[in-house]
Amino acid sequence: MALGFSGSNGGINVKSSTLHRQDFIRGPLEISYFVNNVCNLSCRHCYVGYEEPKNALSVEEWQNIFNQALELGALTFGNVGKEPLLAWNKSVQLLNFLKQKKQENPRIRYGLVTNATSFDDERIKQLIEADPTYLDISIDGTREIHDSVRGFGNYDKSLSAIEKILCQGSSFSDRLFISFTLMGANNDVSLIKKMIGELQERGVKRFMVSPYVVSINQNGKDIGITKEQVTDTYERLKTEANAWLGSQDQLLLKVDYDTQKPLMDLLVERGIIELGKLMIDDYATIFTRFGNIYISYIPAPRTLIRDVRISHDGFVSGCYDMFFKNYPDRARGSLKKRKLAEIIAL
Ligand code: SF4
């Protein structure tokens, strides 16, 4: 599970670089959905520190919701949690449904965010057949650091899955993203460099950094990270990381508006994001580019305007609301009772 809408979304579409200010907010809808609300890990930094398996939507209900979203202009569908591999049959059916829809509209993007510890050969085969436009796999450092955050033995399981996916699905080298949560425990540029190097040796080309939001579920004192620490690290990555990246590699440094606006402001103040050099891609993602490093920028709130999160049981809310056990109370409405268009318009 990753913070932010749909994880990487497949990264930045670098073909377009024209900034259209009218697209800032009302870009295409992005749907991030929790296919379930359970996980096989208990990561120290997990944003969703509860489990709620009851009342899960059926495949047919999800398909109906996706059709509603498509009618509203949605182009991006991210299966972001809690752990898609624990609802694999449903996840695969939904990925294949979106694969069909993509044949009607090639701009549709669909993917999943996973810890990748429960892949086996059959699941990898089904994943490759479902042909997602992106796959985010969570890795939070080298083996020792990753396992200290996510549990002993999990680095090797995830790495094994990465190797097999890249071996059996060669086209995944352009769409398999390492999703790295930057927190106190791994805020070390040398560590990030080493991790990237180890993954590059396996054929990985896409890397994404999302800073940890410290305000909730701060279970360990070494987990939290300040906006100043993130800014220092982003500045060093901007200066140094192009030297480590291959010509086809991409490093995406993310920010979020709702939970990290002070961080974005500091990145601008320190000149790490230069407002005069912003670009926008074909999905209205705003970014600034330094060689193969991309830093995202969100100039205004987008929650429930452009970004929509749907819980496993059909509640529609912002991303942040889903971190709380009382998410039904925080949600704007339930898709079991209303249409998506009605809920968004409320
Ligand atoms: S793998 Fe993701 S959803 Fe599962 S416990 Fe870890 S952070 Fe949470």
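**Reading helix packing and a buried strand**

Modeller: Let's start with a helix pair: α1 (residues 59-71) and α2 (residues 88-104) have axes that come within 10 Å and cross at roughly 30°. Keep in mind that this is a predicted model.

Colleague: How do I read that angle: is α1 roughly parallel or roughly antiparallel to α2?

Modeller: Angles under 35 degrees count as roughly parallel. With a crossing of roughly 30°, α1 is therefore roughly parallel to α2.

Colleague: And what is the handedness of the crossing of α1 and α2?

Modeller: Right-handed. To see who makes the contact, look on α1 for V59, W62, Q63, F66 and L70, and on α2 for K90, Q93, L94, F97, L98 and K101. Sorted by class, the residues of this α1 and α2 contact come out as seven nonpolar, two polar and two charged.

Colleague: What about α7 and α8: at what angle do they pack?

Modeller: Helix α7 (residues 227-240) packs on helix α8 (residues 257-269) at about 45°, and the axes are 9 Å apart.

Colleague: Which residues of α7 and α8 make the contact?

Modeller: K227, V230, T231 and Y234 come from α7, while α8 supplies P262, L263, L266 and L267. That contact of α7 with α8 has six nonpolar residues, one polar and one charged.

Colleague: Now a strand. How should I think about its two faces?

Modeller: In a regular strand, side chains alternate between the two faces of the sheet. Take β1 (residues 30-34), where five of its five residues are buried. E30, S32 and F34 are on one side, I31 and Y33 on the other, and both faces are covered.

Colleague: Which strand does β1 pair with, and in what sense?

Modeller: Its partner is β2 (residues 76-81), in the parallel sense, over five bridges. If you want a spot to check on screen, S32 stands opposite G78 in β2.

Colleague: How many residues apart along the chain are V113 and L94?

Modeller: They are 19 residues apart along the chain, and their C-alpha atoms are separated by 14 Å. L94 is also one of the α2 residues in the contact with α1.

Notes: Residues numbered from 1 in each chain as written. Predicted model: local features only at pLDDT ≥ 70, side-chain atom pairs only at ≥ 80, totals over all residues. Axes fitted to C-alpha atoms, helices over the stretch in contact; angles between N-to-C directions. Helix = DSSP H or I, 4+ residues; strand = E, 2+ residues; numbered from the N terminus. Parallel < 35°, antiparallel > 145°, perpendicular 65-115°, else oblique. Left-handed = near helix turned anticlockwise from the far one by under 90°. Contact = placed C-beta atoms within 7 Å. Nonpolar A, V, L, I, M, F, W, Y, C, P; charged D, E, K, R; others polar. Buried ≥ 20, exposed ≤ 12 C-beta atoms within 10 Å, placed from the backbone. Pairing = 2+ DSSP bridges.
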